[in-house]
Amino acid sequence: MLSDVTLDLPVRPVLPALVAALDAAGAGVLVAPPGTGKTTLAPLAVADRVTGRVVIAQPRRVAARAAARRMAELLGERVGDRVGYAVRGERQVSRATRVEVVTTGLLVRRLHHDPELPGTGAVLLDECHERQLDADLALAFAVEARATLRPDLWLLAMSATPDTDRFAALLGGPDPAPVVRAESALHPVQRIWAPPARPIAPPGGRPVDRALLDHVAATVRRALRERDGDVLVFLPGAGEIAAVTGRLADLRDAVALLPLHGRQRGSEQDAALRPADRRRVVLATALAETSLTVPGVRVVVDAGLSRVPRTDLARGLGALITVPVSRAAATQRAGRAGREAPGTVYRCWSAATHERLPARPEPEIATADLTGFALELAAWGRPDGVGLALPDPPPPAAMAVARDTLATLGAVDADGRITGRGRAIAAAGAHPRLARALLDGAGRVGADRAAEVVALLAEETAAGPGDDLVAGWRRLRAGADAGATARWRAEVRRLRAALPANSAPEGHATDPTGGPEHAGAARGANGRANAAMEAGGRRRAGSGGLTDDLAAGLLVGLAYPERLARVRRPGGSAYLMTGGTAAELAAGSGLTGSDWLAVAVADRTPGAPSARIRRATPLDEATAREAAGPLLSTRREVGWSDGDVVAREVTRLGAILLQERRLDRPDRADVAAALLTGLRQDGLGLLSWTPAAEALRERLAFTRHHLGAPWPEVSDEALLAAAPTWLGPELSAARRRADLARVDVAGALRRLLPWAQAAQLDELAPERIAVPSGSRIRVDYSDPAAPVLAVKLQETFGWPAAPRIAGGRVPVLLHLLSPAGRPVAVTADLESFWRTGYPQVRGELRGRYPRHPWPEDPTTATPTRRATPRRR
């Protein structure tokens, strides 16, 4: 086949060495930069040497179709002759086909169906450096199939980046597989650093800065002025493509502005890959980084951003965040300019910034939802993936969530091994959640409608624009886009064929583990056979009496029960999902005001207060109850809410409160627990702290500080932790918050004291101390390190030293007061004060207070509480 191609590309000289290496080792790695022809020429060279079909796997459908068309064009044939392709919902092959381009996901399904791959002589894994989940699985499964079943099968990994040691080790046996390199691209590419005038921070979860979009548009205009040929512009997403296209709208008469991204239909993607009658500007996402040849491109304008998925494991939602492009991806993008002639890349960042970029993008296994991945491993017989040729092990946390989800679906057992139900789910060839909806919903809504809706959910772009799932369903039925409808109907037929003959009988849904739903919920759903939603849905034969809206809602709910959502306020756009996540419709959505939604697609940007609803359908409460039966619960709740005890019986669907009624006689233990929760939430201020209670607490703090255990700790934290001990009887008797305010806190605190310490408290931390005048003065323990006795100076005459407490360990700090009660001295060393401080105080105050005694020797003077009477 290669001899039929005259085109000379840089990879061609190394193809004999590649075929020889495969002939000798059976496996190998081909490293070739973008534009060298590895995708188109290597399969043809391999086909010349093997007897079976050559299957080449591509990560994306658009790349698979484009590669097949390019090879067929080089051979002067139609697609489907010696070169064909197969993607979901579309296949063009014949008996004459020798080279078949498939998606990696399709290759994984074929390996599951028959790991021997009969009739296949070689498997080529293209763009394996992109590290998509299906590509990792295809590599791992193919390596094991070759080692155990098909030692004659040639296996080749093809990469555009030089980091190949890992793949060589995975493909080889005891020794690494041989690596063949095509070192140079066909044409040189000049780099032009074109950063914006001011630094612009990467947006992360926020929208891309408009200033950067302005700069990208200006750079495109510059490239059109300075260079010839078509321009390929790399932007992170469809929204940015639309924004920059709008900024270039005035060029439409002279330039064709063509978008290229994953949300487009196949026909729209293919249009961007065909030459035009005028100069073109193709605005693309990372879809155009590899495999695709966009003809006529001589210039690349790179915004320097990529949009990557992130999975919120706790909420079960995905998000797309915008990150700086990696250096490897930037090299790939630049290579697009040199595929057909010398080219130029305008990079919208500086050379210094380039050196700080990550070396390569994160593999999908590190960030994606692994539910489908885990099911594939279980179906292969390796639930944990150990022993498989995976380039990286899956993250433990993500795998744990995935296994929990599969267990809930009944797809795996307690040891992670696949069950019979799991094999049925895997055989559907859809995400496990969607396969569950197909299997369990077919008997309820009819097999045809179940397959139609699941096919719609499996392909996000099939429904077209807007967030109304049922509106997209009706567009496809009507054939508004003939190509999209044809692919959708092909997928519907495939899913319909995947349904077992003994699907659940009509009117009998199944729960996630394969058993019957709550009978009451099923009866309630059957009892509303004549209900219809405002959207004008129509019933169909064998549909269980459900309108299209309700049927779609039921299926979405079966797939994503945690995404059933109820409006927060009537007529509003804010919703609460059963999983507890807040969600919001876009402004102007036609779904606004629907009481209930089944949310098919939603994402949540990290740090955002709510998720964004991308696609949904209205439904009613009864259908929501049926779809999410295991989340439905009725229980008695006694708790602390809004500052008091609330006792009620509630019915919830997950986090959504459906109904409640007051409980007149709640269990006392539950009330006590609620009051305790209230104390811990709102603090000890719920109790009435009398002066006596405060004083006792301070004395206990003093003893704890100086004497340690077993004297109790009385900080807020310690008292709350020990509340069941010292407040137990009061909590058991109380019914509401007001009862806490009537608690004798001082009496309750004494329960903290062991008997021996209770007997010693007044001795070690006396409430009052007798002074020489005979007064009994209260000690201030507010500072447990230094208790204070505030006493008038004349009452301490005759006191040789300050008193000591805590068994003589701690001197009392005396605040000596004037006759007017104002502090004149602070001391814990009274003997020293009498000797050095008192004379000065006496000299200053005896003239001011002549009616009070100021003896020269206070240690022998008579203490007094009174002034000298006035003479008459």
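User: Before anything else, what counts as buried here, and what as exposed?
Analyst: Buried means under 20% relative accessible area, exposed means over 50%, and partly exposed lies in between (1.4 Å probe, protein chains only). By that cut-off, buried residues make up 53% of the 872 residues in the protein.

User: What kind of model is this, and how are residues numbered?
Analyst: This is a predicted model, where local features need pLDDT of at least 70 and side-chain atom pairs count only at pLDDT 80 or more, while totals for chains, interfaces and linings use all residues. Residues are numbered from 1 along each chain as its sequence is written, and side-chain values use heavy atoms, with hydrogens and water left out.

User: How many helices and strands?
Analyst: The protein has 30 helices and 31 strands. These are DSSP runs, numbered from the N terminus: H or I of at least four residues for helices, E of at least two for strands.

User: Spread out or compact?
Analyst: Spread out: the radius of gyration is 40 Å, well over the 29 Å that the globule rule gives for 872 residues, so the protein is more spread out than a compact globule. The radius is taken over C-alpha atoms, and the rule is 2.2 Å times the number of residues to the power 0.38. Along the principal axes, the C-alpha atoms fill a box of roughly 135 × 70 × 60 Å.

User: Now the inside. Which residues touch the most other members of the largest nonpolar core?
Analyst: Leu-107, Phe-141, Leu-171 and Phe-373, in a core of 104 residues. Such a core is a set of buried Ala, Val, Leu, Ile, Met, Phe, Trp, Tyr and Cys residues joined through side-chain atoms within 4.5 Å. Helix 5 (residues 133-148) gives the largest share, 9 residues.

User: What does Phe-373 touch?
Analyst: Leu-133, Leu-137, Ile-365, Leu-390, Pro-394 and Met-399, not counting residues up to four places away in sequence. Contact means heavy atoms within 4.5 Å.

User: And what is in the second core?
Analyst: That separate core has 63 residues, including Ala-693, Trp-711, Ile-777 and Leu-793.

User: Back to Leu-107. Which residues of helix 4 are buried?
Analyst: In helix 4 (residues 104-113), they are Thr-104, Gly-105, Leu-106, Leu-107, Val-108 and Leu-111. Their cover includes strand 2 (53-58), strand 3 (83-87), helix 5 and helix 12 (371-380).
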